[in-house]
Amino acid sequence: MVAVLALVTTPFRAVVDVVLPPRCPGCGEIVDGDDRFCAACFGDLQALGPPQCACCGLPLPHDGDAAALCGACLADPPPFARARAPFAYGGPARQLVLALKHGRRLHLARMMARAMLRAAGDLPDDAIIVPVPSHRWRLWQRGFNQAAAIAYHLARQSERPLAVDAVDRIKPTPTTKGLGRRARQKNVAGAFRVARPEQIRGRTVVLVDDVMTTGATVSACAAKLIKAGARQVEVLTYAHALREGQGSMTRV
């Protein structure tokens, strides 16, 4: 049956590729396969990796101990154990995030999940995938939660369970664009609750979102998850906004 389906779908896919060829999510150029950037956009991606803060994952200015922390995490330790993202937010990575969130190109979530898993490395055996929730009014407006779309593919690719409704956003929050860290923290205060603590109690929660900026949203979620009994929380996003002075990262 599989062989028969392959014979049927292969010609159909060839026709589709001629009529609607795969395009780079960064610039729209035609590419030779789904879920990939063109060479130019791929070269413009800013990869995040060692040397990096053991907690937030942002770059450190020099090589050092793998357990080294940045000044921000030393001064105000986040409630999550670590955060990882494959790319800095900007350029093609930003275009991909916007194409998913506002362009409704849901197939891009699969591409994002693969890159995120490479950045995360092996997930703990007890890991459970939990997306940062959207408020019901935002879901009604947008029609989907981009974090949940990514989390779905992360769960499939990592073979870890998905708890899409473990956390609720119980308070609508205004857009955080342009807000600083303290303002963002105030904005999300009291916005989340753990709706199903039995799903996460005693487990490592992999908290998923598309972008991490100041960390206020994921920190608010992580604090609630820890209070509800999670063993620890690890944050996984596709992109992480750099702090001032961190603009020259390694190109892919």
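I take contact to mean heavy atoms within 4.5 Å.

I am working on a predicted model, where local features need pLDDT of at least 70, side-chain atom pairs count only at pLDDT 80 or more, and totals for chains, interfaces and linings use all residues. Residues are numbered from 1 along each chain as its sequence is written, and side-chain values use heavy atoms, with hydrogens and water left out.

**Overview**

I looked up the secondary structure first. The chain has ten helices and nine strands. Both are DSSP runs numbered from the N terminus: helices are H or I with at least four residues, strands are E with at least two.

I then checked burial. Of the 252 residues, 44% count as buried. Buried means under 20% relative accessible area, exposed over 50%, and partly exposed in between, with a 1.4 Å probe and protein chains only.

I also checked contact range. Among contacts in the chain with a separation of 6 or more, 74% come from residues 24 or more positions apart.

**α4 against α5**

I looked at helix α4 (residues 91-101) and helix α5 (residues 108-120). They pack at an angle of about 140°, and their axes are 10 Å apart. That makes α4 oblique to α5. The cut-offs: under 35 degrees is roughly parallel, over 145 roughly antiparallel, 65 to 115 roughly perpendicular, and the rest oblique. Axes are lines fitted to C-alpha atoms, for helices over the stretch in contact, and angles run from 0 to 180 degrees between N-to-C directions.

The crossing of α4 and α5 is left-handed. A crossing is left-handed if the near helix is turned anticlockwise from the far one by less than a right angle, and right-handed if clockwise.

Which residues of α4 meet α5? I find L96, V97, A99 and L100 in α4 against L108, A109, M111 and M112 in α5. This contact divides into eight nonpolar residues, no polar and no charged. Ala, Val, Leu, Ile, Met, Phe, Trp, Tyr, Cys and Pro count as nonpolar; Asp, Glu, Lys and Arg as charged; the others, Gly among them, as polar.

**α5 against α7**

I moved on to α5 and α7. They pack at an angle of about 55°, with axes 8 Å apart. The two helices are therefore oblique to each other. Their crossing is right-handed. From α5, the contact uses A109, R110, M112, A113, R114, M116 and L117; from α7, A149, I150, H153, L154, Q157 and S158. The contact of α5 with α7 divides into eight nonpolar, three polar and two charged residues.

**N145 and Q146**

I find N145 in the loop between α6 (136-142) and α7 (146-158). N145 is buried, at 11% relative accessible area. A polar atom of its side chain lies 3.1 Å from the backbone nitrogen of A147.

Q146 lies in helix α7. Is Q146 buried or exposed? Q146 is buried, with a relative accessible area of 6%. Its side chain makes a polar contact of 3.4 Å with the side chain of D210. A polar contact is a pair of N or O atoms within 3.5 Å; within protein, one must be able to donate a hydrogen and the other to accept it, and residues adjacent in sequence count only if both atoms are side-chain atoms. Not counting residues up to four places away in sequence, Q146 touches L100, K101, D209 and D210.

**A81**

I find A81 in the loop between α3 (71-75) and β2 (82-84). At 37% relative accessibility, A81 is partly exposed. Leaving aside neighbours within four places in sequence, A81 is in contact with A54, C55, Q232 and V233. I also looked up A222, 141 residues from A81 along the chain; their C-alpha atoms are separated by 9.3 Å.
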